[in-house]
Amino acid sequence: MLDIKNLHAAVEGNAILKGINLTVKPGEVHAIMGPNGSGKSSLASVLAGRESYEVTEGSVDFLGKDLLDMSPEVRAREGLFLAFQYPVEIPGVSNINFLKTAVNEIRAYHGQPPMQAKAFLDMLKSKQKLMEFDANLMNRSLNEGFSGGEKKRNDVFQMAMLEPKLAIMDETDSGLDIDALRIVSAGVNKLRSKDNAFIIITHYQRLLEYIVPDFVHVLYNGRIVKSGTKELALELEEKGYDWLKEDIRLEEPVQ
Amino acid sequence: MSAEQDILQELAGREYEFGFETQIEMDIAAPGLNEDTIRFISAKKEEPEWLLEWRLKGFQLFQKLTMPNWQNFKLPEVDFQGVSYYAAPKNKVKYNSLDEVDPELLRTFEKLGIPLEEQKMLSGVAVDAVFDSISVATTFKAQLHELGIIFCSFGEAVQEYPELVKKYLGTVVPQSDNIYAALNSAVFSDGSFVYIPKGVRCPMELSTYFRINAKNTGQFERTLIIADDNSYVSYLEGCTAPMRDENQLHAAVVELIAMDHAEIKYSTVQNWYPGDKDGKGGIYNFVTKRGICKGKNSKISWTQVETGSAITWKYPGVILQGDNSIGEFYSVAVTANKQVADTGTKMVHIGKNTKSRIISKGISAGHGHNTYRGLVKVGPNATNARNFTQCDSLLIGDRCGAHTFPYIESKNNTAMVEHEATTSKIGEDQVFYLNQRGIDNEQAVNMIVNGYAKEVLNQLPMEFAVEAQKLLSITLEGSVG
Ligand SMILES: Nc1ncnc2c1ncn2[C@@H]1O[C@H](COP(=O)(O)OP(=O)(O)O)[C@@H](O)[C@H]1O
Ligand SMILES: [Mg+2]
């Protein structure tokens, strides 16, 4: 589904991603861990098409198409979703209208007619139930005055509504209380299927107990320096990243 | 090239949708302004002697008054002698029914989205359509008449209700108020007149649609609205003009009078031709609008959505004379390309417990400049006067500007005046967030702008809120900052 080859990207001339290789197949859950500033959010941004990042090398294939060639909205319509580390507030824009627009834009892209109000509301209700999402938040402006946790939950709710093929969740667990974490994880598990895939960026093993990953990768200094199964996450939790950093330094050529 | 530049360029190249010209035979006065011009207009309109005298007095004041110099833009030279002060479709000056109106004129209003045939009209909206200097048609007149409501062209009011006109004309905006008000009082062409009798709630929106068509003319309409005790009226004006290379002057005067417990809601969706991307052509929209809350517990509310004109220069205000009266001003002003807006309000608190509320949302894109200028004045007897002002500016791109000049003069120490102001840019983060949900740049900006302006748009009657949203979208076609 997603095939990242030797991806390099820079911001304002500073190299941030330095040769990422990653393959994600339908039905898989990949976790990406790594110290602060290692490039996890940058990877998510590059995949979603944030303009401030310049791809300097490499390729990304998404469902047989060149992802890097698409505008951000086309990537979204093709089925790529990013739950942001820091979802923004958009004052005055109603959450419902925003979602309806998003749903219909994606439908239009696939040649489907806009959803009728009734069908949309039914879908809204069923997803609200599925994700245990507070209906009151639905009637407010998009993230305006939401708490950190509420913003994260709103993003995950949008994910449920838009039914992406590939969802990237950037530190969705940061800022969630224990109950919310459990609810969000349960929601994500319900959304999992053999046809979709998840990339979960997190610092905490705890989330991965709820959403069990097929693979765990460690991103360090713009590169994936280690990959393994869910046991790797446990090891990282225990030992931190320092032991990896030493390994890597040994591997890096002397400049 | 970045998406931002793309969009800014697209924005610069946006088209004005209503820029067509109607080919129709016109009766046009020769350019020039002197006493004879005024006598000519007055005679054309078969006006009584007192009105001619009043016009001539206005002309004298116009000659004495000087141009103001406090505005935050370069005042263009207006050649008052080069303008024609009267243009009306030929044939007939007064129409008794729509059947008598030139079909070409009806088609023009259809094209503008204002069908005048009553069966086709939006239900619940009565329209007075003013084409250049003359009112073409007023719909739903008969129904309104049954309630004692008068809604007609100004010219007709002069003929049919001279006592009412004489009693109130110039009582809110004196002829000497400013040079453009003086000019208007000398040469005003047509406009609307509304009288709501005691205890009547006007059951439909009253609306006037202004269209400048003829070349080299000015438009100088006058509107007078009187809401008698315990009455209510909601009034809306809209306007467009053809695209022309030269600038055209629009200098209107609007006077509102609210008696005891009366309420007037006045909404404007202003979409005069703004000029092209280099700032060539466009309407100079120099307008004086003022209401007086004469009676106790009365209320006047101005809502404006200003998207057109090369220069918009106006400050709809309220004189809060009656105790417990309320004045409101809700404004969205958009300037794109080389447009300029210097607009705001004046709230003059005279009575006790008077309240005013000012919500101003400026949006600047391209090389547009947007100035909020507001005065809150509290007189010595205005015990417990309250004002709240919220003044926000939104910038799209980095070549535009926003400016805020709030003035407060208080002579009563029980008064409370609050002012809040913010300036923000449309964030790339916001646009990207919406992009990531499948929404393209253009629609993303629309959503953000409409969200930003929502508090004002919500004040508009339903049918027009939708129109206004569309207009904002067209005006800002795809801008990101
Ligand atoms: N706009 C930017 N300009 C310069 N450096 C940036 C910018 N955005 C991110 N970076 C840098 O890129 C590196 C990776 O950041 P990020 O991807 O957010 O890390 P993570 O999500 O792993 O904590 C950091 O060193 C960060 O400071
Ligand atoms: Mg991050």
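This is a short tour of the interface between chain B and chain A, and then of an aromatic cluster and a helix in chain B.

Before you start, note that this is a predicted model, where local features need pLDDT of at least 70 and side-chain atom pairs count only at pLDDT 80 or more, while totals for chains, interfaces and linings use all residues. Residues are numbered from 1 along each chain as its sequence is written, chains are lettered from A in the order in which they are written, and side-chain values use heavy atoms, with hydrogens and water left out.

**Stop 1: the interface**

Show both chains together. Here 20 residues of chain B are in contact with 34 residues of chain A (contact means heavy atoms within 4.5 Å). The two chains bury about 2100 Å² between them, 61% of it on carbon and sulfur atoms; buried area is the accessible area (1.4 Å probe) that two parts lose on being put together, summed over both. Now select B:Phe432, B:Tyr433 and B:Arg437: in chain B they lose the most area to chain A, together 35% of what that side buries.

Next, colour α9 (428-435) and α10 (441-452) of chain B, as each supplies at least two residues of the side that touches chain A; helices here are DSSP runs of H or I with at least four residues, and strands are runs of E with at least two, numbered from the N terminus.

**Stop 2: the aromatic cluster**

Select B:Phe59, B:Phe62, B:Trp70, B:Phe73, B:Phe80, B:Tyr180, B:Tyr284, B:Phe286, B:Trp313 and B:Tyr315, which ring pairs link into a cluster. Rings of Phe, Tyr and Trp (its six-membered ring) pair if their centres lie within 6.5 Å; planes under 30 degrees apart count as stacked, over 60 as edge-to-face and the rest as tilted.

Zoom in on B:Phe80 and B:Tyr180: their centres are 6.0 Å apart and their planes at 50°, so the pair is tilted. B:Phe80 lies in the loop between α3 (49-64) and β2 (87-89) and B:Tyr180 in helix α8 (residues 179-187), so the pair ties together parts that are 100 residues apart in sequence. Both B:Phe80 and B:Tyr180 are buried (under 20% relative accessible area, with exposed over 50% and partly exposed in between; 1.4 Å probe, protein chains only).

Move on to B:Tyr284 and B:Phe286, a stacked pair with 5.6 Å centre to centre and 10° between the planes.

**Stop 3: helix α8**

Finish on α8(B), where 9 of its 9 residues are buried. At its start, a side-chain oxygen of B:Asn178 reaches to within 2.9 Å of the backbone nitrogen of B:Tyr180.

Technical notes:
Polar contact = N/O pair within 3.5 Å; in protein donor to acceptor, adjacent residues only side chain to side chain.
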